[in-house]
Amino acid sequence: MLTVKTFTVNPLQENCYVASDETRECVIIDCGAYTAAERRTISDYITLNKLFPKRHLLTHAHADHCVGSGFVYNEYGLRPELHLSDAPLVEAYDAIYGFTFGGVPAEPLPDVGRYFTEADAISFGTHTLSVLAVPGHTPGSVVLYCEAEKTAFTGDTLFCGSVGRTDLPGGSMFMLIQSLRALCQLDDDTAVFPGHGEATTIGRECATNPFIDR
């Protein structure tokens, strides 16, 4: 059984997730932890539950989703992993950080550990996450999807009642709409854990989200 713990962090109220199973192996998804207190809350949860972090996965490379990557690397030795199409955003991290938070980063973004593609599967414990390419919010936006548990980590592609913005460099509303149509092929009872806001389901969003035309 997959256990998902949500940590809402940084001034943009981004959702960082720790997903684990009965083996106590876990993955950290989108660590945007900005303050020392936020980072301590995450590490305390991992320690208290005796978890073993295996990967740090990014749904995309915007600073609010990866500003905690240095913490994850220093604490657990895990480098961020993300889609190859967001490599230009990694190169522009300092500028994106300045746009998002102001100033310059207190610590550099660690070197990327791996660039994955939609052909990859990410395993930990007894579970596997598929990489679903969903360009639109960024060129390399992905959904991390666990078919066995009907669980999708959608980053800033799909929110409860809304979608991510497309007016930043590399964004495309046309591509985002195409990506949303593909996501709506998932089962209605698929749990959606978005990059911001409350959890939802595919069925709820297909029925009520004004941006989705199923």
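1. Cys 184 and Cys 206 are joined by a disulfide, with an S to S distance of 2.4 Å. A disulfide here is a pair of cysteine sulfur atoms within 2.5 Å. The structure holds 1 disulfide. The pair links distant parts of the chain, 22 residues apart: Cys 184 lies in the loop between α6 (173–183) and β13 (191–194), and Cys 206 in helix α7 (residues 202–208). Helices (H or I, at least four residues) and strands (E, at least two) are DSSP runs, numbered from the N terminus.

2. This is a predicted model: local features need pLDDT of at least 70, side-chain atom pairs count only at pLDDT 80 or more, and totals for chains, interfaces and linings use all residues. Residues are numbered from 1 along each chain as its sequence is written, and side-chain values use heavy atoms, with hydrogens and water left out.

3. Which hand does the disulfide have? The torsion about the S-S bond of Cys 184 and Cys 206 is about -125 degrees, so the disulfide is left-handed. Both Cys 184 and Cys 206 are buried. Buried means under 20% relative accessible area, exposed over 50%, partly exposed in between (1.4 Å probe, protein chains only).

4. Cys 31 is in no disulfide. Its nearest cysteine sulfur, that of Cys 16, is 4.2 Å away. Cys 31 is buried, at 0% relative accessible area. The sulfur of Cys 160 is too far for a bond, because the closest cysteine sulfur, in Cys 206, is 13 Å away. Cys 160 counts as partly exposed, at 23% relative accessibility.

5. Ser 20 belongs to strand β2 (residues 14–20). Is Ser 20 buried or exposed? Its relative accessibility is 5%, so Ser 20 counts as buried. Leaving out residues up to four places away in sequence, Ser 20 touches Met 1, Leu 2, Thr 3, Glu 25, Cys 26, Leu 51 and Phe 124. Contact means heavy atoms within 4.5 Å.

6. An open sheet is formed by 6 strands in the order β7-β8-β9-β10-β13-β14, with mixed pairing. Its edge strands, β7 (121–124) and β14 (200–201), each pair on one side only. Two strands pair if DSSP finds at least two bridges between them. β7 and strand β8 (residues 127–133) run antiparallel, joined by 4 bridges. Ser 123 has Thr 128 in β8 as its bridge partner.
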